[in-house]
Amino acid sequence: MRANGRVGGWFDTRVVHTEHSYNYKLRGTWLTPDVIRASARITQLAEGLNDDETLELVWEAENRGDTVILVEIDPREGSGIIPRDWAAFLRKKSDGEAGPAVRGVNQPDLRAVKALSGTERRDYSYDVFWLVFPLVTSNGELLFGDQDEEAELVVRIGGREGRVSWPIPRSIRDRARESRSKGGTP
């Protein structure tokens with residue numbers, strides 16, 4: 001559930017303000033229940049945890065919101081700083097008009113949750129952000145319908161936009177239905 005993309009164009013069209021990046025490398029890891037379990041299993045093997053300790057890692061990670069996406073951003077050239085006003089949105093991917101989107105909330109405290117670290121080794125060129133997204137829109141509808149096949153993460157930085165997408169797993173659809181029946185995010 002890891003995808004790579006880019007925010008901004010290929011060419012450096014800056015004439016002034018060369019302290020700003022002209023584009024950003026983007027990587028998104030959708031921490032679905034399957035990815036969380038795989039990450040917990042890797043931690044179990046690396047740290048010699050027993051089954052109960054591993055299940056506790058899974059429980060802790062799965063009860064942090066509807067769904068978590070690990071967003072990694074690497075500025076190209078410039079100052080190497082990512083502006084504070086960047087934003088990320090999750091929505092269904094469509095060829096036509098874009099459907100409803102939900103905004104992610106950055107939660108840096110999730111860095112301490114071992115099962116939310118992903119399954120790949122950390123690349124220190126990238127700044128890492130843990131974003132929590134609701135799976136139910138503000139008007140109470142499911143973000144992904146039964147006919148939707150792909151989800152899209154849209155990241156906006158300084159007037160530029162980048163996207164990564166994934167197939168929507170059944171576990172996310174089940175979690176969305178569960179969240180809506182509870183009246184919002186768990």
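Let me begin with a question: which residue in S8 is the bridge partner of Arg91? The partner is Glu152. Before I go on, a word on what you're looking at: this is a predicted model, where local features need pLDDT of at least 70 and side-chain atom pairs count only at pLDDT 80 or more, while totals for chains, interfaces and linings use all residues. Residues are numbered from 1 along each chain as its sequence is written, and side-chain values use heavy atoms, with hydrogens and water left out.

When I say helix or strand, I mean DSSP runs numbered from the N terminus: H or I with at least four residues for helices, E with at least two for strands. Two strands pair if DSSP finds at least two bridges between them.

Okay, back to that Arg91 and Glu152 pair. Strand S4, residues 87–92, and S8 pair in the antiparallel sense over six bridges. S8, residues 150–157, also pairs with strand S9, residues 160–167, again antiparallel, over eight bridges. Over there, Val154 stands opposite Arg163 in S9. The S8 and S9 hairpin has two residues between the strands, and Gly158 takes a positive phi near 50° in that hairpin. S8 is mostly covered, with six of its eight residues buried; buried means under 20% relative accessible area, exposed means over 50%, and partly exposed is in between, using a 1.4 Å probe and protein chains only.

Now the open sheet. Five strands make it up, in the order S1-S2-S3-S7-S6, with antiparallel pairing. Strand S1 (2–7) and strand S6 (105–106) stand at the edges with a single partner strand each, so one side of each has no neighbour in the sheet. Further in, seven bridges join S3 to S7, and Ile73 stands opposite Asp127 in S7.

Asp74 sits in strand S3. Buried or exposed, what would you guess for Asp74? Asp74 counts as buried, because its relative accessibility is 10%. Leaving aside neighbours within four places in sequence, Asp74 is in contact (heavy atoms within 4.5 Å) with Asn23, Tyr24, Lys25, Ser125 and Tyr126.

On to the helices. H1 has 15 residues and reaches 21 Å from first C-alpha to last, close to the 21 Å expected at 1.5 Å a residue; that expected span is 1.5 Å times one less than the number of residues. The buried residues of H1 are Pro33, Val35, Ile36, Ser39, Ala40, Thr43 and Gln44, and they pack against strand S2 (23–31), H2 and helix H3 (170–182). After H1 comes Gly48, with a positive phi near 65°.

H3 has 13 residues and reaches 19 Å, first C-alpha to last, close to the 18 Å expected. Ser171, Ile172, Arg173, Arg175, Ala176 and Ser179 are buried in H3, and what covers them includes S2, H1, H2 and S3.

Arg175 also turns up in the next topic, as one of the residues that line the largest cavity. On a 1 Å grid over the protein atoms alone, a cavity is a set of points where a 1.4 Å probe fits but cannot get out, and a pocket is an open set with protein on both sides within 12 Å along at least five of seven lines; lining residues have an atom within 4 Å of a point. Grid points are joined across faces, edges and corners, and a volume is the space filled by probe spheres set on the points.

How many cavities of 30 Å³ or more does a search of the whole structure find? One. The largest cavity holds about 70 Å³ of space. Helix H1 (33–47), helix H2 (51–62) and strand S3 (67–76) each supply at least two residues of its lining.

The largest pocket has a volume of about 350 Å³. Of its 20 lining residues, the closest to the centre are Ser117, Gly118, Glu120, Arg121 and Arg122. H1, S3 and strand S7 (127–133) each give two or more residues to that lining, and H1 has the largest share, with five.

That's my tour; happy to go back to any part of it.
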